[in-house]
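Good morning, and thank you for coming. Please look at the sequence and the structure on the screen while I describe them.

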Amino acid sequence: MLGPLTLLLGCQFVGEVLVRALGAPLPGPVVGLLILLAILTVRDGPDPELRSVSDTLLRYLALLFVPAGVGIVTQLDVLGRNWLAVAVAVLVSTALGLVVTGLVMQRLAGRSA
Amino acid sequence: MNGQFTALFVYLQTTPLLGLGATLVAFQGASVVSARLPRIALFNPMPLAILVLVVLLLVTGTPYSVYFQGGQYVQFLLGPATVALAVPMHANLHHIRRSAHAILPAIVAGAAVAAGSAMAIAHALGAPREIVLSLAPKSVTTPIAMGIAEQIGGQPALAAVFVLLTGLTAVAIAAPLMRLARVRDWRAQGLAGGTAGHGLATAHLLTINETGGAFAGLAIGINGVVTAVLVPLLARLF
């Protein structure tokens, strides 16, 4: 368990360093994700230990969002003042995103489903 | 007795124990409750746990900063968890290779439209810049969305809430909307769900169609990277 955890944190660390060194507008962990993806491609897949640690982390992914979500208490009045703008923006943009992605993919992917 | 209790509470407020314990207890309680409720996205353990903790903080008058002393230990794991998304992405690489010509344009178009229209609508309806910027990464999985929001000057906490609302919306409207737009290909429906509605839509799709679920899972990771690149450029317009 220690090996895979070190690998994950190492990728994140290198990602954070790269983002800052290059001034890239990307979150460090996303660059870390790409680094790990490159490593996995070279190695031809994760070893069982890495797979089990990442499965465990991702199984509890929902829990990891909770502290940030609770942060809504600090934003209640901002949200209260702008609830209509937020509601319309979320509803319309989600609908547009779904339709555009679906139509472009269906058109380009061809008929063989 | 009362004085002792107050002293104990004052002590606990200075340690991470209270916030960390409350988070774990609330989440496990919410998991038990949601398993007994109808399978609707709103009854996920995550929104339920957040609701319970928010009410708890408001009722006891505990500041968020005190709670976060413990909460930060849970949140820290979002970094390595984001990196770990590479493992399921790697498992789906053969899908990417086979239809890369369609997947990338579809996700880029969907990501740009979702982020751009959310910012434009909120801006037009008079929302402050902080809200507009926090809405930009709303279609992306939460750890990436929070990182993007922080990067462009939004509020990570607001972004997390908008991501949640977006996922719930996508789950609610995807099926009728896809019928209306005549998108029948499951690869396209899955990619649309994952791009516009991240993990919540993916979890929902997995219960309906396996191909749809696989493409949705693929879309989460790719859209995270695509949006992380696109949004800072789009944000300059606002």
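**One residue, then two chains**

A helix here is a DSSP run of H or I with at least four residues, a strand is a run of E with at least two, and both are numbered from the N terminus. Please bear in mind that this is a predicted model, in which local features need pLDDT of at least 70 and side-chain atom pairs count only at pLDDT 80 or more, while totals for chains, interfaces and linings use all residues. Residues are numbered from 1 along each chain as its sequence is written, and chains are lettered from A and ligands numbered from 1 in the order in which they are written.

By definition, a residue is buried with 20 or more other C-beta atoms within 10 Å of its own, exposed with 12 or fewer, and partly exposed in between, the C-beta atoms being placed from the backbone. Beyond its neighbours within four places in sequence, Leu20(B) is in contact with Gly70(B), Tyr73(B) and Val74(B). Contact means that the C-beta atoms of two residues, placed from the backbone, lie within 7 Å. Tyr67(B) is 47 residues from Leu20(B) in sequence, yet their C-alpha atoms are 7.9 Å apart in space.

Let me now turn to chain B as a whole. Chain B contains twelve helices and zero strands. Its radius of gyration is 20 Å, close to the 18 Å that the globule rule gives for 238 residues, so chain B is as compact as a globular protein of that length. The radius is taken over C-alpha atoms, and the rule is 2.2 Å times the number of residues to the power 0.38. The C-alpha trace of chain B spans about 70 × 40 × 30 Å along its principal axes. In this chain of 238 residues, 53% count as buried. Of its contacts between residues at least 6 apart in sequence, 62% join residues at least 24 apart. The domain assignment, with bounds from an automatic or database source, gives chain B a domain 1 (2–76) and a domain 2 (86–235). The C-alpha centres of these two domains of chain B are 28 Å apart.

Chain A has seven helices and zero strands. Why is chain A described as more spread out than a compact globule? Its radius of gyration is 20 Å, well over the 13 Å that the globule rule gives for 113 residues, and therefore chain A is described in that way. Its C-alpha trace spans about 50 × 50 × 35 Å along the principal axes, and 46% of its 113 residues are buried. In chain A, the domain assignment gives domain 1 (1–59) and domain 2 (65–113), with 27 Å between their C-alpha centres.

How do the chains meet? The contact takes 65 residues from chain A and 94 residues from chain B. On the side of chain B that touches chain A, 66 residues are nonpolar, 25 are polar and three are charged. Here Ala, Val, Leu, Ile, Met, Phe, Trp, Tyr, Cys and Pro count as nonpolar, Asp, Glu, Lys and Arg as charged, and the others, Gly among them, as polar.

The largest nonpolar core has 112 residues, and those with the most contacts inside it are Val66(A), Ala118(B), Ala122(B) and Leu191(B). Such a core is a set of buried Ala, Val, Leu, Ile, Met, Phe, Trp, Tyr and Cys residues joined through C-beta atoms within 7 Å. Helix 10 of chain B, residues 156–180, gives the most to this core, with 14 residues. Apart from neighbours within four places in sequence, the contacts of Ala118(B) include Ala89(A), Val90(A) and Ser93(A), as well as Leu135(B).

Helix 9 of chain B, residues 142–152, is mostly covered, with nine of its eleven residues buried. Those buried residues pack against elements of both chains, including helix 2 (28–43) of chain A and helix 12 (210–235) of chain B. After helix 9 of chain B comes Gly153(B), with a positive phi near 95 degrees.

Finally, confidence. The pLDDT, the predictor's confidence in each residue from 0 to 100, averages 90 in chain A and 88 in chain B. In chain B, helix 1 (residues 2–13) has the lowest mean, 75, and helix 8 the highest, 94. The model scores ipTM 0.87 and pTM 0.79.
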